[in-house]
There are 2 protein chains.
Amino acid sequence: MNHTQLRSFHAVAAEGGFTAASRVLNVGQPTITSQVKALERHFDVELFHRRGRRVILTETGRVLFRIAQRIISLEAEAEDSLNTYGGLQAGHLHVGAVGPYHATEMLSAFRDRYPGIKLSVTVGNSMEMAERILDYSVDVAVLAHVEDDPRIYTMPYSRHPVVVFVNKSHRFAKRRRIRLAEMEGEHMVLRELGSTTRLAFETAIREAGVTIDPVMAIGSREAVWLAVARGIGIGVVSDIEYIPHPDLHTVEVVDADIYTTAHVNCLAERRDARLIRAFFDMAEDLKTRRNVASI
Amino acid sequence: MNHTQLRSFHAVAAEGGFTAASRVLNVGQPTITSQVKALERHFDVELFHRRGRRVILTETGRVLFRIAQRIISLEAEAEDSLNTYGGLQAGHLHVGAVGPYHATEMLSAFRDRYPGIKLSVTVGNSMEMAERILDYSVDVAVLAHVEDDPRIYTMPYSRHPVVVFVNKSHRFAKRRRIRLAEMEGEHMVLRELGSTTRLAFETAIREAGVTIDPVMAIGSREAVWLAVARGIGIGVVSDIEYIPHPDLHTVEVVDADIYTTAHVNCLAERRDARLIRAFFDMAEDLKTRRNVASI
DNA sequence: TCGGACCTATTGGAAAAACCAATGAACCAC
DNA sequence: GTGGTTCATTGGTTTTTCCAATAGGTCCGA
């Protein structure tokens, strides 16, 4: 059975005539005639009684019409559904992030722009996020780290200075700015080796010929924060990630360009998937707006 | 949305791959690829994640698949239904007849051959039957009368001698055969003017130059039968229509070829409608079988 | 009862779609 | 690696769909 034939039949039955059906389907009337006739001939049934210029469903036709109506209605439903997803009025975007800091702004903007899209956020380190991108369990990920993998597409999003933060009793506690050289020999609490912030900081001091004393490496931002609050050492953090604390104080490093860059990542081959493109477009807009605002 | 695309999508989702889908649908694999791709491009959605040689439904794809399954299943139902009607395993045939006499044999044979077809029988006179054929309220009609209407197709079915029947006290009651001339001046109980039996009989006696005395014309076979039983006159009837009665006796007319012919009729343009053709074919078979049996 | 309006059927040819064979590229199991 | 399997791409062919023109019929009102 041909679907065009079924659609023609349905229109004729619904509109009560071949000509009326042809108008509804935007085709010529002979087309309708031949489609319905082909359907009748193929199954060797009569679907309509042609009484002069009136057509009346036969019993067979009535049975078919009931089924056809359900099919047509389901097709409309399918089309609606696809339009809804394609038009970004429904859908589900899985977002990965190494921490909520960079991602929240984007998630909030995305939610405002596409209220119908469900958002799920997975938090994990950069390596985990890269894996999840590759196995489709997240659609986009906001990372500081840049994956060196041709399968992953990366867009720089925002640049954040790395600041030093110290306990209130530390000698830097009264300072607003320091120079890098002043950190020589400082006890420091650092993140684990893979941390992008740590990498940026260590690159900077190595270039400046400064050496520090890494007293502790901890695998969590909050743990570092607490350790510094207790005076175990001083810490470094991306300014956007810094959480105020009564015992803590931040200090700007003036003579070095230490920063981390947040990137939006996705599977390269999915760069143009509807939802993913929408997320990147929105990130692009946020970036531009911030630049304009800062002028 | 194109139906071919939907079918391809459904097969891929159901079979778990493009190649598997192409085998099920008996088309080449490139066809499937292009159909699904076209569907995705048209609505700007992703339906499958292509993970190497494995394909996995996206959320959008899952939603569409559920709808597509229902559509495909309804299409199978529609096709089944049409095959059932086309294969004469279901359907409804409206049969008209002037009396049950000629029709019952055919109805019985038809029911045996096509047990799934519902039969409705409408009884009425020839003129009513002709009208009902023309307005589609009966599909076929078994009549003695031949309609002189080009829109009605007619097939002769069986020829039945017209016999005379008399009351036990009549002078013919002891006879097996009479000649037509012997009926000169007889009191006769006849049917109404339109009766085919009456017409055949009157034509025969006119040709033979015999005149009779029509004492009564009654519009019902049963009424004539009763009138003759009471001795009001003698009657004529098609032998197949004759119903025995203790007070009645049938007499054959040997020197005249008086008979009626049962015809099967239908709307000429519907001669090849499946059910109608089946009825005619069956009538043809019955006729042939009777001729063979009579040799 | 006659003609205009309206409807379905038919036909031949044009436009569009579905389709395939061949081939490429990526992946997986051995 | 290597062969077997899978999806993607390309071009050209076959099939389907479609239309314009037209015929033949019914219906309705003058």
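This is a predicted model: local features need pLDDT of at least 70, side-chain atom pairs count only at pLDDT 80 or more; totals for chains, interfaces and linings use all residues.
## Interface

Chain B gives 37 residues to the contact and chain A gives 37 residues; contact means heavy atoms within 4.5 Å. The two chains bury about 3,600 Å² between them, 63% of it on carbon and sulfur atoms. Buried area is the accessible area (1.4 Å probe) lost on putting the two parts together, summed over both.

## Salt bridges and elements

The rule finds 3 salt bridges across the interface, each a side-chain nitrogen of Lys or Arg within 4 Å of a carboxyl oxygen of Asp or Glu. B:D44 forms a salt bridge with A:R277, with the closest N and O atoms 3.2 Å apart.

On the side of chain B that touches chain A, two or more residues come from each of helix 3 (29-43), strand 1 (48-51), helix 4 (59-86) and helix 9 (274-294). Helices (H or I, at least four residues) and strands (E, at least two) are DSSP runs, numbered from the N terminus. Helix 4 of chain B supplies the largest share, 17 residues.

## Conventions

Residues are numbered from 1 along each chain as its sequence is written, and chains are lettered from A in the order in which they are written. Local features need pLDDT of at least 70, side-chain atom pairs count only at pLDDT 80 or more, and totals for chains, interfaces and linings use all residues, while side-chain values use heavy atoms, without hydrogens and water.
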